[in-house]
Amino acid sequence: MIHCRVRLARIGACLIAGAVVTWGVAWCCAMPRRQSRTAVAAAASDACIMEVGGRFVRVMTLREGVGATTYTLMHSAGFSEDYATARAHGEQSRAAEWLKGAGALVPIPRALRGLVDFGPERWDYNVQTAGWPVECLRQGRVSVRTPSGPQTIDVYTMEITWRGRTYRLPREPLLPGFALNTAFYAIAALGVVEALAFARRRTRAHRGRCEACGYDRGGIAAAAACPECGAAQ
Ligand SMILES: [Zn+2]
């Protein structure tokens with residue numbers, strides 16, 4: 001019973017540690033990003049055209065290193081309508097031209113689809129996801145071109161100043177990825193904890209002590225329970 005409780009406590013502690021490590025690793029993946037993300041993403045080679053809510057947006061994908069990806073969704077009413085019209089009229093060549101201009105088709109994470117706001121006529125929306133082994137946190141920046149000039153709005157973002165530098169870091173967990181990474185790190189931590197506990201039990205047994213509490217079993221019958229903690233040997 002005591003042993004069972006100890007094991008449950010270990011699993012709980014490893015899960016909490018796993019979640020903390022998941023968050024920390026995702027932030028480490030997000031940190032080296034450059035500030036001008038629109039310009040960076042515009043140079044991306046992966047791109048596609050995606051239909052969201054009956055409109056078309058151009059999506060560019062940029063892998064920025066280990067565990068970090070930027071998706072730039074670009075919408076302008078003119079483009080969306082032209083592309084929709086070309087498709088509706090069966091103008092395969094024009095629709096194909098749009099696709100060729102955008103590059104190869106890439107799969108878009110489902111998480112992006114609910115994020116698009118179709119208010120203004122023209123906007124860019126950068127979504128960054130970060131995390132390893134699976135991307136598990138996201139943040140976003142909406143850039144809108146208004147008559148009075150460009151405006152940017154940060155969403156799902158936390159600003160942290162460290163050593164005189166300010167980092168914009170993701171703060172919105174993506175659930176499947178977050179759960180997977182937490183399990184990944186928790187299992188790794190549990191493996192280390194169990195291995196250490198096993199090594200300690202073996203060392204105690206080797207020195208003639210109780211495996212559970214370390215009490216010196218000198219002069220006690222081998223089959224007898226430990227007089228200190230009651231553990232069977
Ligand atoms: Zn004992």
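## Basis and conventions

The expected span of a helix is 1.5 Å times one less than its number of residues. Helices (H or I, at least four residues) and strands (E, at least two) are DSSP runs, numbered from the N terminus. Helix α6, residues 175–206, has 32 residues and reaches 46 Å from its first C-alpha to its last, close to the 46 Å expected at 1.5 Å a residue.

The model is predicted: local features need pLDDT of at least 70, side-chain atom pairs count only at pLDDT 80 or more, and totals for chains, interfaces and linings use all residues. Residues are numbered from 1 along each chain as its sequence is written.

## Overall composition

The protein chain contains 6 helices and 9 strands. Of its 233 residues, 26% are buried. A residue is buried if 20 or more other C-beta atoms lie within 10 Å of its own, exposed if 12 or fewer, and partly exposed in between, with C-beta atoms placed from the backbone.

Two residues are in contact if their C-beta atoms, placed from the backbone, lie within 7 Å. Among contacts in the protein chain with a separation of 6 or more, 55% are accounted for by residues 24 or more positions apart.

## Helices

Just after α3, G90 takes a positive phi of about 65°.

The buried residues of α6 are G177, F178, N181, T182, Y185 and A186. Just after α6 comes G208, with a positive phi of about 75°.

Two strands pair if DSSP finds at least two bridges between them. Strands β2 and β3 run antiparallel and are joined by 6 bridges; in β3, T69 is the bridge partner of R63. The two strands form a hairpin with 4 residues between them, and G65 in the turn has a positive phi of about 135°.

On to β4, β3 is joined by 9 bridges, again in the antiparallel sense. H75 has W123 as its bridge partner in β4. Strand β3 is largely enclosed by the rest of the structure, because 8 of its 9 residues are buried.

## Strand pairing around β5

Strand β4 (residues 122–130) pairs with strand β5 (residues 137–146) in the antiparallel sense over 8 bridges, and the bridge partner of V127 in β5 is G140. The hairpin of β4 and β5 has 6 residues between the strands, and G131 takes a positive phi near 140° there. In the loop between these strands lies P133; the peptide bond from W132 to P133 is cis, with omega near 5°.

Strand β5 also runs antiparallel to β6 (residues 149–155), joined to it by 7 bridges. G140 has V155 as its bridge partner in β6, and a hairpin joins β5 to β6 through 2 residues. A further 2 bridges join β5 to β9 (residues 172–173), also antiparallel, with P173 in β9 as the bridge partner of L137.

N126 is in strand β4. N126 counts as buried because 22 other C-beta atoms lie within 10 Å. N126 and Q139 are 13 residues apart in sequence and 8.3 Å apart in space, C-alpha to C-alpha.

## Nonpolar cores

A nonpolar core is a set of buried Ala, Val, Leu, Ile, Met, Phe, Trp, Tyr and Cys residues joined through C-beta atoms within 7 Å. The largest has 15 residues, and those with the most contacts inside it are V57, V59, M60, Y71, L73 and Y125. Strands β2 (55–63), β3 (68–76) and β4 each supply at least two residues of this core, with β2 giving the most, 5 residues. A second, separate core has 12 residues, including V25, A26, C29 and F178. In soluble globular proteins, nonpolar side chains tend to be buried together.

Y156, in the loop between β6 and β7 (157–162), has a positive phi near 55° and is a residue other than glycine. Y156 is partly exposed, with 17 other C-beta atoms within 10 Å.

R163 is found in the loop between β7 and β8 (165–170). Its phi is positive, about 55°, although R163 is not a glycine. R163 counts as exposed, with 4 C-beta neighbours inside 10 Å.
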